[in-house]
Every structure is written in C-alpha cells, then in structure tokens.
Amino acid sequence: MPRPSVAELRPVVHPAGVKDRRSGEHWAGRLYMREISLRCDRYLVNTRITPNQLTYLMTVFGVLAAPALLVPGIPGAVLGVLMVQLYLLLDCVDGEIARWKKQFSLGGVYLDRVGAYLTDAAVLVGFGLRAADPWGSGRIDWLWAFLGTLAALGAILIKAETDLVGVARHQGGLPPVKESASEPRSSGMALARRAAAALKFHRLVLGIEASLLILVLAIVDSVRGDLFFTRLGVAVLAGIALLQTVLHLVSILVSSRLK
C-alpha cells in the first residue's frame, strides 16, 4: 500500500476542531508537535502497530522522565525534556493513527488519561528527587523529595477533579459537559478564574511545562554551582499544586459543570 502524503493525512488525522480544543489540546501540540507527528504518521499508518500500543509506549517515555532527572546537572534536565517531548509526540500520534485506521476504543481513551497522570507525576517526583541530591557528597535531603511528591499528588488531584466531573455527569444521566459550562456563575469567581488563566501559573505543574522549567533552573544552578534554584522551584511547584487543587475544586463547584 503506498505511503499517504501529508496532504492526504491532514484532513483525516487533523479534523476541524482538534487543534482548537481549549482543554484537550496542549499549546505545544498547536505550535509544533502536530506538524511533527503528522510526518511520523506517514511511516506508521501502513504498519501493524495499533493506537493502544503507541499509547503504552507514550506512557513509558513519560515515566522515564523521572529516572532521567536523576542524572545530575544539565544533561539530566535535557534528558527529562527529551522524554517528555517523546511522550507528547506519541500522545499526538496515537490519536492520529486511530483516526486514520478508524481504530477507536474506550480502552484507548482510558490509557491516554493514565499516561497523562503518570507523566505529570513522574516529572514532579523526579524533580523532587533531583533536588534531594542523591549523588551529592553530603547527606540526601529527603525534604525536597517529599515536596516533589506533594506537587505530584496535587497535579494528579487536579486532573482527577476534572475527570470526576464527567463521572458525576454520567452517573447522573447528564450529557458530557460543554466547555462554556466551566465559567463560574459568580462574577467575582469568573474574574479570578480569568486572571489565573491569563497568568497561567497553574500550568507549571504539568509535565511539559515543568520539564522546561527544570531545564532552565538546571542551567542557572550550573552557573551558581549548587541546587538553590532547583530547590526553590520544587517548593514553588508544591505550593502551586496545593493551591490549585483547592481553587480548581472550588471553581468546579461554583460553575455549571455539575448542573
């Protein structure tokens, strides 16, 4: 079977609306990864590999970010970014191959969510262990590992709060929630939500953004010769994750998503 061209693939694997999903499409996907994944698709659509197998591979790369970050200095941070970028690439490719081959399944949707949970958690746990300095000459400071794990727990809870909206609506016999329902009914809460969305600080606990932040902090620390900014970053992300866990829960309860 001849290999399809990018022009043939695009309307099938990137149907209208895929890149415009406010909560379902990452900015990196819109900016560059969807164009890269499209070119990878050409070499995969005629193989026997299934979308779910790609999702399993996606999860493996995401989880590998944690041990990658244990490598000291800038090389470890670069490895962490590479693992997360491969995760993102396969996150795009699995859905695109599913659309081309028309191989859709609830199992695939479920595995995709599991992969996203594990990757965010792996990056933040790896960040905390990195800050604990397990390969340094002094004693391991487990406080930073604890804070990294706390950030990972918060990141998982934030995703769970969003996903549980769908569970609650399904069990209540309601249709899937529309994105417009996320707007809080209170004008004050709506203003606070728009301010948080504009600042985008909450995105720092997501695996992709966190891995890029870790790389920047590793570069700064390499100049200083210590782990000051890495440890500061772990503490800040733990604080953001815990604050966002509470604020996100409140924003759901005061919106129309459970109505």
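This is a short walk through one chain, from its overall layout to a few individual side chains.

A word on the model before we start: it is predicted, so local features need pLDDT of at least 70, side-chain atom pairs count only at pLDDT 80 or more, and totals for chains, interfaces and linings use all residues. Residues are numbered from 1 along each chain as its sequence is written, and side-chain values use heavy atoms, with hydrogens and water left out.

Let's begin with the layout. The chain has 10 helices and 0 strands; these are DSSP runs numbered from the N terminus, where a helix is H or I with at least four residues and a strand is E with at least two. Of the 259 residues in the chain, 39% are buried. Buried here means under 20% relative accessible area with a 1.4 Å probe and protein chains only, exposed means over 50%, and partly exposed is in between. Contact means heavy atoms within 4.5 Å. Among contacts between residues at least 6 apart in sequence, 79% join residues at least 24 apart.

The largest nonpolar core has 44 residues, and Val123, Leu124 and Val205 touch the most other members. Such a core is a set of buried Ala, Val, Leu, Ile, Met, Phe, Trp, Tyr and Cys residues joined through side-chain atoms within 4.5 Å. Helix H5 gives the most to this core, with 10 residues. If you have Leu124 on screen, look beyond four places in sequence and you will find it touching Gly148, Ala151, Ala152, Ala155, Val205, Ala210 and Leu237.

Next, the arginines. Arg99 lies in helix H5, residues 73-101. Leaving aside neighbours within four places, Arg99 is in contact with Val12, Val13, Pro15, Val18, Arg34 and Phe104.

Arg169, in helix H7 (residues 142-171), is also buried without a salt bridge, and its nearest side chain of opposite charge, Asp163, is 12 Å away. Beyond four places in sequence, the residues that Arg169 touches include Leu174, Pro175, Ser256 and Lys259.

Arg10 sits in helix H1, residues 6-13. With a relative accessible area of 30%, Arg10 is partly exposed. Not counting residues up to four places away, Arg10 touches Pro15, Glu35, Leu38 and Arg39. The C-alpha atoms of Arg10 and Glu35 are 9.4 Å apart, across 25 residues of chain.

Lys102 is exposed, at 63% relative accessible area.

Last, the rings. There is 1 aromatic pair: the centres of Phe228 and Phe229 are 5.0 Å apart and their planes are at 85°, so the pair is edge-to-face. Rings of Phe, Tyr and Trp (its six-membered ring) pair if their centres lie within 6.5 Å, with planes under 30 degrees apart called stacked, over 60 edge-to-face and the rest tilted. Phe228 is partly exposed at 43% relative accessibility, and Phe229 is partly exposed at 27%.

Conventions. Lys and Arg count as positive and Asp and Glu as negative; His and the chain ends are not counted. A salt bridge is a side-chain nitrogen of Lys or Arg within 4 Å of a carboxyl oxygen of Asp or Glu.
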